[in-house]
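Open the model in your viewer and keep the selection tool at hand. The stops below go from the whole chain to single side chains.

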Amino acid sequence: MNWLSSGAMAVGTRVTVVRDSSWDGPWQVEFQGTIDDLYAPEPVRHSMARDGELEYWVVFDEPQYDSSGEGPYRGAQIWDRYLIPEV
């Protein structure tokens, strides 16, 4: 499948990773990163996923801790609802 034709963000896209307003997570703070090609964007397979929701591999500008205090992580697969592309 051609992810770009499906509306997926391209590798190299700069993003801000945001927190969910309805719960304390999934990360402790908002931060910047870049969509990476370690894994291709793929549909989120979870009961709480939105129709057509994708998850991306994001490399973080600085190591981050998740809402449980685990980490530091230098990258992770992140659902697109938590990603705001830079313009």
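What radius of gyration would a compact globule with 87 residues have, and what does the chain have? Such a globule would have a value near 12 Å, and the chain has 13 Å, which agrees. The radius is taken over C-alpha atoms, and the globule rule is 2.2 Å times the number of residues to the power 0.38.

This is a predicted model, in which local features need pLDDT of at least 70, side-chain atom pairs count only at pLDDT 80 or more, and totals for chains, interfaces and linings use all residues. Residues are numbered from 1 along each chain as its sequence is written, and side-chain values use heavy atoms, with hydrogens and water left out.

**Whole chain.** Switch to a cartoon view: there are six strands and zero helices. Both are DSSP runs numbered from the N terminus, with at least four residues for helices (H or I) and at least two for strands (E). Along its principal axes, the C-alpha trace spans about 35 × 30 × 25 Å.

**Cis prolines.** Select glycine 25 and proline 26, which are joined by a cis peptide bond with omega about 0 degrees. Proline 26 sits in the loop between strand E1 (14-17) and strand E2 (31-35). Next, go to glycine 71 and proline 72, where the peptide bond is also cis, with omega near 5 degrees. Proline 72 is in the loop between E4 and strand E5 (73-79). Most peptide bonds are trans.

**Salt bridges.** The count is three, a salt bridge being a side-chain nitrogen of Lys or Arg within 4 Å of a carboxyl oxygen of Asp or Glu. Show arginine 14 and aspartate 61, whose closest N and O atoms are 2.7 Å apart. This pair links strand E1 to strand E4, 47 residues apart. Then show aspartate 24 with arginine 19, at 2.1 Å from N to O. Last, select glutamate 53 and arginine 81, at 2.6 Å. Glutamate 53 lies in the loop between strand E3 (42-43) and E4, and arginine 81 in the loop between E5 and strand E6 (83-85). Glutamate 53 counts as buried because its relative accessibility is 3%. Buried means under 20% relative accessible area, exposed over 50%, and partly exposed in between (1.4 Å probe, protein chains only).

**Glutamate 55.** Finish in strand E4 (residues 54-64), at glutamate 55.
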